Amino acid sequence: MTLSPAAAQPAVATRDPWRWTPAVAGYGLVVGVLLATGTPVLDVGRYTAYAVLAVLLPGTLVYRALRRRPHTLVEDLAFGAAVGLVLELAAWFVFVRAGLEGWLWVWPAFVVVLFALVRPLRRHWWVRGYTVVPPGWAWSVTAVIAGFTLYLSESFLRRNPILPASEGQAQYLDLPFQMSIAGAATHQAPPELPQVAGEPLHYHWFGFAHMGAASLVSGVDLPTVFLRLAVPALCALAIVLVAVVGWRISGRAYAGVGAAVLMFTIGEFGYENGIRQLFGTQATFIVWGSPSMTYSWVLLLPLIAVLADVVRSRSERGTWMLAALFLAGSTGAKASSVPVVAGALGLTGLVLLITRRRIVWPIAAALGLAIVAQVFATAVLFAFESHGVTVKLLSGLEPYTGPAWSWPLVVLAFLLNMQLRLAGIFALGRRLVTDPEKVFLLSGAVVGPVTYLVLAHPGSSNQYFVRAGFAFGVILSAWGWAEVVSRWRWSLLAFAVGVGALLTVIQLAWPARARPTPVYDPVLPLVFWALALTVVAALLMVVWRSPAFLLTGVLIAGAPGLVMDAAAAHKYPNGGAYAVTLLPASRVASARWVYEHSDPDDVLATNVHCAQVSLKGCDARTFWLSAYAQRAVLVEGWTFAPRMVGTPGGAEAPFWDPALLEANDAAFYEPTEENLDALRARGVRWLVADSAYRPESPLLSGLATVRYENGRVTVYEL
């Protein structure tokens with residue numbers, strides 16, 4: 001059997017009922033995984049209805065009204081879902097800002113009624129003339145979704161119960177902080193910092209606003225949305241978007257499949273290197289440890305497709321409106337998205353200016369639009385907060401360098417680790433600097449890692465620029481692969497699966513390494529694997545000269561990463577060897593009680609501020625109360641407040657308002673009517689005291705009403 005990678009004939013789609021089989025199979029597998037990991041079946045149904053009726057339907061109608069011409073139905077639906085997320089964000093802001101969050105579920109009706117009553121818009125309900133989607137393409141994308149969902153099951157879903165059932169439950173410490181923002185978004189627009197009531201949140205919070213909106217519209221409890229439904233749904237959508245954007249830009253259906261595989265199946269090369277998150281990043285971890293990254297991809301990928309039309313001078317009014325929509329959504333989705341897009345447009349314009357000796361005005365206009373978006377993000381969303389980002393060349397590589405001779409070794413390791421999956425780019429040759437869309441994709445793939453190497457951040461958040469660049473790079477790399485593979489062959493697929501499986505088995509069986517001693521020791525396994533595989537490839541090429549198989553082997557070399565990460569998750573209580581916080585069931589139970597018995601505008605106070613106390617001071621990374629109560633806390637943990645990021649002292653840096661902290665704690669340990677009245681004047685209605693952290697004063701029960709206790713945590717009402 002042979003099938004051209006370019007097989008995307010503009011034939012009219014038939015009414016074949018079997019064409020829906022891959023989509024149904026993919027949805028069924030995701031639902032099966034969710035049910036197997038404790039997701040209530042009714043919640044799955046509610047969330048599905050929300051996704052279809054409140055995101056997909058209005059978004060697809062608007063997208064059809066703005067796009068140039070139909071391509072495939074799956075593209076309309078995928079891009080429509082992305083448009084729906086941007087529209088949802090605007091609707092969320094209007095309804096919540098007006099205090100009508102309970103009515104947010106009606107916003108899609110405005111779009112539906114508009115497209116039903118306005119005659120020119122009615123034609124977008126039913127579209128004909130779609131390009132036929134090859135069954136192999138559909139099943140391949142479904143396989144990528146299935147594989148990645150199974151990875152999420154092992155590394156994230158099974159490791160993080162919706163509500164903890166024991167006192168020893170551990171959780172990656174970023175998760176409760178992120179969920180607290182989603183909780184704030186259910187009743188605040190824009191959300192404030194949940195851990196310090198009234199403190200502005202200068203942060204990329206759009207993805208968490210989406211989760212809050214999803215909970216409001218679907219009626220599904222926020223912890224279920226956050227810890228079960230949203231991440232698999234966003235990942236599945238991102239996979240489909242990579243595939244359709246890769247197909248649309250390259251004109252080759254299987255280039256899109258290859259891009260999806262490179263982004264969501266192939267991990268970092270030489271993953272098991274004695275240290276997790278080498279160079280401060282790991283793609284497979286990012287999708288659940290930082291769901292805002294995945295949310296940003298969902299908006300960045302269609303933006304890339306729209307801007308590719310602009311770069312090729314194929315833009316119309318609808319194209320510019322879509323670009324503005326996706327840029328607006330990207331401003332607060334992830335702070336790394338718009339800078340990489342702007343850098344890609346600027347570099348593209350410069351290259352074309354040099355090669356064509358004229359300014360390409362559509363690119364200049366798009367760059368101007370991106371700059372406006374970045375100015376809005378910097379001034380309005382982030383209020384000029386640096387979040388600890390500084391200019392420091394090669395800061396991400398520095399921790400692994402020792403003697404001067406180790407620098408080339410570490411740079412090589414970085415390129416192998418992070419960029420090997422982009423090797424297909426080189427197959428495109430001179431066209432990389434002559435074809436505008438290829439220049440654009442290459443520019444984005446370069447700007448991302450270069451920005452990472454130029455900037456520094458104490459929490460390695462500069463890594464997200466690399467992830468934004470990947471969205472460009474995997475499409476171009478898969479395009480190069482599709483150029484080399486002149487025709488699809490089952491032998492090539494078998495080769496890829498066989499090599500990936502063999503490398504995975506070898507790494508799983510590889511003996512555990514001792515703790516690294518020299519600073520550069522963690523990068524040595526990458527170099528070892530690269531040399532070993534290079535020797536093997538050279539020997540094979542002597543007797544078996546096939547560029548297609550060689551390039552496929554190079555691209556598949558990082559395949560063990562996903563499996564190794566899932567396997568390693570079994571060793572740790574939270575799904576990975578990352579900084580954790582204890583999440584006792586008694587604490588969460590008290591927080592959920594407060595959620596059920598309080599008003600959204602109520603402010604809480606707690607005596608718990610430190611995840612742990614050391615000689616350095618209080619590690620103020622504790623967020624459980626604001627996360628699971630979905631209420632603002634007068635002072636909880638303050639380390640992640642934007643004003644604190646990058647300040648001296650790190651996680652142990654003291655609170656910026658010691659008088660407020662003293663007043664908060666006095667209510668627990670030295671309570672009087674006067675200091676309780678002072679807290680009440682600040683909006684505090686509930687005191688949540690954890691006696692295991694530090695016993696509160698026995699006088700407190702005589703001054704405030706005990707409403708809940710479970711042996712560890714007592715909730716008092718003022």
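Modeller: Helices (H or I, at least four residues) and strands (E, at least two) are DSSP runs, numbered from the N terminus. The model is predicted: local features need pLDDT of at least 70, side-chain atom pairs count only at pLDDT 80 or more, and totals for chains, interfaces and linings use all residues. Residues are numbered from 1 along each chain as its sequence is written, and side-chain values use heavy atoms, with hydrogens and water left out.

Colleague: Where does Ser598 lie?

Modeller: Ser598 is in the loop between α23 (585-597) and β5 (603-606).

Colleague: Buried or exposed?

Modeller: Ser598 is buried, at a relative accessible area of 10%. Buried means under 20% relative accessible area, exposed over 50%, partly exposed in between (1.4 Å probe, protein chains only).

Colleague: Which residues is Ser598 in contact with, leaving aside neighbours within four places in sequence?

Modeller: Arg631 and Trp686. Contact means heavy atoms within 4.5 Å. Ser598 and Trp686 are 88 residues apart in sequence, yet 8.4 Å apart in space, C-alpha to C-alpha.

Colleague: And what joins the side chains of Ser598 and Arg631?

Modeller: A polar contact of 2.9 Å. That term means a pair of N or O atoms within 3.5 Å; within protein, one must be able to donate a hydrogen and the other to accept it, and residues adjacent in sequence count only if both atoms are side-chain atoms. A polar atom of the Ser598 side chain also lies 2.5 Å from the backbone oxygen of Val594.

Colleague: How many bridges join β9 to β11?

Modeller: Five, and β9 (residues 684-690) runs antiparallel to β11. Two strands pair if DSSP finds at least two bridges between them. Leu687 has Tyr716 of β11 as its bridge partner.

Colleague: What about β10 and β11?

Modeller: Four bridges join β10 (residues 705-709) to β11, again antiparallel. Thr705 stands opposite Glu717 in β11. The hairpin of β10 and β11 has three residues between the strands, and Gly711 there takes a positive phi near 95 degrees.

Colleague: Last topic. How many disulfides does the structure hold?

Modeller: One. A disulfide here is a pair of cysteine sulfur atoms within 2.5 Å. Cys610 is joined to Cys618, S to S 1.9 Å. The link is left-handed, with -115 degrees about the S-S bond. Both Cys610 and Cys618 are buried.
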